[in-house]
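Here are my notes on the model, as numbered points. Please read them with the structure open.

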Amino acid sequence: RVLSGIIFVNRNGLRWRDAPAAYGPHKTLYNRWKRWSEAGVFVRMMEGLSGAQAERRTVMIDATYLKAHRGMNTKLHAITDANGRPISLFVTAGQVSDYTGAAALLDSLPRAQWLLGDRGYDADWFRDALEAKGITPCIPGRKTRTEPIRYDKRRYKRRNRIEIMFGRLKDWRRVATRYDRCPNVFLSAIALAATVLFWL
């Protein structure tokens, strides 16, 4: 009952005190949510389920902006499997570059054959790091490059799946708009939405 209440509040963007009485006292919901979030329960749940079910031959990387209820915007960086289901998540301030997110997620990349990413990830150091892991980058080159980068255009078209994933996550009101100042709590809201939408 408590977990169902936590899901209901996060999906609908309610204040905790407005949670339906059927889920129990709102203070209990909030306290459990804070305790489990700070302990990393929801992130570990998503990572455990994705580790068992993900299609890892091809992975994708991208980032999206999320609004903040008060303060500066947030950026969500994500790695997904071939079907666009999230494997790893990382949250930064909105002005942080895609390169920073890529560097943070690099160690969490699974053993894959391909990584799909847009031009924002076209950096020699990132390509070298992927190839060192045995992963072939499928990333178009920036227009400022003097020599064009060759990549598999047919395979690259599948990258829209990660954009669809971001759209579905934003259907959850507490993901689309950040109400929690604590990064761990906000990341837990995203991980919970990802688990319910893609892994259960």
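1. Contact, as used below, means heavy atoms within 4.5 Å. With that cut-off, and leaving aside neighbours within four places in sequence, phenylalanine 198 is in contact with Gly84, Arg85, Pro86, Met165, Arg168 and Leu169. Phenylalanine 198 lies in helix α9 (residues 183-199). Helices (H or I, at least four residues) and strands (E, at least two) are DSSP runs, numbered from the N terminus. Phenylalanine 198 counts as buried because its relative accessibility is 13%; buried means under 20% relative accessible area, exposed over 50%, partly exposed in between (1.4 Å probe, protein chains only).

2. A word on the basis. This is a predicted model: local features need pLDDT of at least 70, side-chain atom pairs count only at pLDDT 80 or more, and totals for chains, interfaces and linings use all residues. Residues are numbered from 1 along each chain as its sequence is written, and side-chain values use heavy atoms, with hydrogens and water left out.

3. Next, the domains. The domain assignment gives domain 1 (1-47 + 178-199) and domain 2 (54-170); the bounds come from an automatic or database domain assignment. Their C-alpha centres lie 26 Å apart. Domain 1 gives 13 residues to the contact and domain 2 gives 18.

4. Where does the largest pocket lie? Both domain 1 and domain 2 give residues to its lining, so the pocket lies between them. A pocket is found on a 1 Å grid over the protein atoms alone: it is an open set of points where a 1.4 Å probe fits, with protein on both sides within 12 Å along at least five of seven lines, and lining residues have an atom within 4 Å of a point. The volume is about 380 Å³, taken as the space filled by probe spheres set on the points, which are joined across faces, edges and corners.

5. The lining of the largest pocket has 20 residues, and His69, Arg178, Tyr179, Asp180 and Arg181 lie nearest the centre. Elements giving two or more residues are α2 (26-38) and β3 (86-93). By class, the lining has eight nonpolar, five polar and seven charged residues. Here Ala, Val, Leu, Ile, Met, Phe, Trp, Tyr, Cys and Pro count as nonpolar, Asp, Glu, Lys and Arg as charged, and the others, Gly among them, as polar.

6. Is arginine 174 buried or exposed? Arginine 174 is buried, at 7% relative accessible area. Its place is helix α8 (residues 173-176). The side chain of arginine 174 reaches the backbone oxygen of leucine 14 at 2.9 Å. Isoleucine 87 is in strand β3 and counts as buried, at 5% relative accessibility. Its C-alpha atom is separated by 9.2 Å from that of alanine 194, 107 residues apart along the chain. Among the residues that isoleucine 87 touches are Met46, Glu47, Val59, Ile79 and Pro110.

7. Threonine 136, in strand β5 (residues 136-138), has 36% relative accessibility and counts as partly exposed. Threonine 136 is in contact with Gln113, Trp114 and Leu115, leaving aside neighbours within four places in sequence. Methionine 45, in helix α3 (residues 41-53), is partly exposed at 30%. Methionine 45 and threonine 195 are 150 residues apart in sequence but 7.4 Å apart in space, C-alpha to C-alpha.

Conventions
Polar contact = N/O pair within 3.5 Å; in protein donor to acceptor, adjacent residues only side chain to side chain.
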